[in-house]
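Here are some notes to read alongside the model, written as numbered points. Please keep the structure open while going through them.

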Amino acid sequence: MLYGIEVWELCDADMLKVETAHDQMARNIQGLPSNVAGLAARGTLGWTSLESWADQRRLVFLFDIFTLPGDNIYREYITRRIIHLYNWNKDIMPDGPVNMIFKLSSKYGLSNILHDLCFGNVIGKSVYKRAIKKSVVGRDTDLWDINLNLYSSLKIFKSVASSLELNLWWHLADSKPECREQCRSVVTTIVGGCVWWSGSKDNVCRMCTKDKDSVEHFLYACEGVKNECVEMFNDVNEIVNVSLEFDKQPIHLKWKMLLSGYGYSNYSEWENLGILVANGVYKMLNKKKQFCRM
Ligand SMILES: [Zn+2]
């Protein structure tokens, strides 16, 4: 889809289409419903945007050109072109691959490195790639984090998945493949895939009809899945670390602790608790699915 992206540029509208397809792939891979926001779907896999992936490729491509022999015609041409660009008015800069990469270096605060490369001060490729990754991925992660705030359906997700990386529950599915469906239920729930609008204007929960359907309602208050929820908390109370006084916490904090790994730094210590929670959420979600299909 993006073959040769190093030397061609997509307009904003086309980039949006590519990002949309990228998000859909993230949903398909994880078996998430289509109502899940793309930002969350790729967030649980730790995928950056395709734009930042393409920008990294473009900047590395530039480095490869600058490390060609000094008399190489491509290196010579690009060096002259970039020196020429330093003197252009940035607002009326012409199009083209060299100009595009030149603009990227200032977008990501890498102008000094580009200047050094241009004048023959070539640093090691690994140092250069690290600098690119830090700057490009750092910017992408910051944007991802900020944009999560735009979705009210992702409040819980933002509170339990604080960084752009493979979600904790997919790690559990990796080490316990027999629990994959249960882990998928947790991921589906935290990214808002547990919400089915009733089609009515007030979007009330179809199971209990007591409140607006939302992730918060489903986890904290829905009477339609109350039995499954209570059963899970009873099981959890038996094995959680008593020093955290889990049972005395309000319901939203209980869920936050359970969905974000319960503060365990040691993964193997958390695993049994994780399986219990995944089983509980799986039962809750399945009950809701069966009810809503009726
Ligand atoms: Zn309900």
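1. The radius of gyration used here is taken over C-alpha atoms, and the globule rule it is set against is 2.2 Å times the number of residues to the power 0.38. The model is a predicted one, and while a compact globule of 294 residues would come out near 19 Å, the protein has a radius of gyration of 24 Å. Along the principal axes, the C-alpha trace spans about 75 × 45 × 30 Å.

2. Of the 294 residues, 32% count as buried.

3. The protein is divided into two parts, domain 1 covering 5-150 and domain 2 covering 155-292, and their C-alpha centres lie 37 Å apart. To the contact between them, domain 1 gives 17 residues and domain 2 gives 15 residues. On the side of domain 1 that touches domain 2, the elements that supply two or more residues are helix H2 (38-43) and helix H7 (125-148). By class, this side of domain 1 has nine nonpolar and eight polar residues, with no charged residues.

4. Is helix H10 enclosed or open to the outside? Nine of the 11 residues of helix H10 (residues 180-190) are buried, so this helix is largely enclosed by the rest of the structure. Among the buried residues of H10 are Cys183, Val186, Val187 and Ile190, and also Arg184 and Gln182. The cover over the buried residues of H10 includes helix H1 (12-30), helix H8 (155-160) and helix H9 (168-175), together with helix H11 (215-221), helix H13 (251-259) and helix H14 (267-293).

5. Two backbone angles deserve a look when following the chain onward from H10. Just after H10, Gly192 takes a positive phi of about 95°. In the loop between H10 and H11 lies Thr209, where phi is near 50°, a positive value in a residue other than glycine. Thr209 has 13 C-beta neighbours inside 10 Å and therefore counts as partly exposed, given that a residue is exposed at 12 or fewer such neighbours and buried at 20 or more.

Note on methods. Residues are numbered from 1 along each chain as its sequence is written. This is a predicted model: local features need pLDDT of at least 70, side-chain atom pairs count only at pLDDT 80 or more; totals for chains, interfaces and linings use all residues. Domain bounds come from an automatic or database domain assignment. Two residues are in contact if their C-beta atoms, placed from the backbone, lie within 7 Å. Helices (H or I, at least four residues) and strands (E, at least two) are DSSP runs, numbered from the N terminus. Ala, Val, Leu, Ile, Met, Phe, Trp, Tyr, Cys and Pro count as nonpolar, Asp, Glu, Lys and Arg as charged, and the others, Gly among them, as polar.
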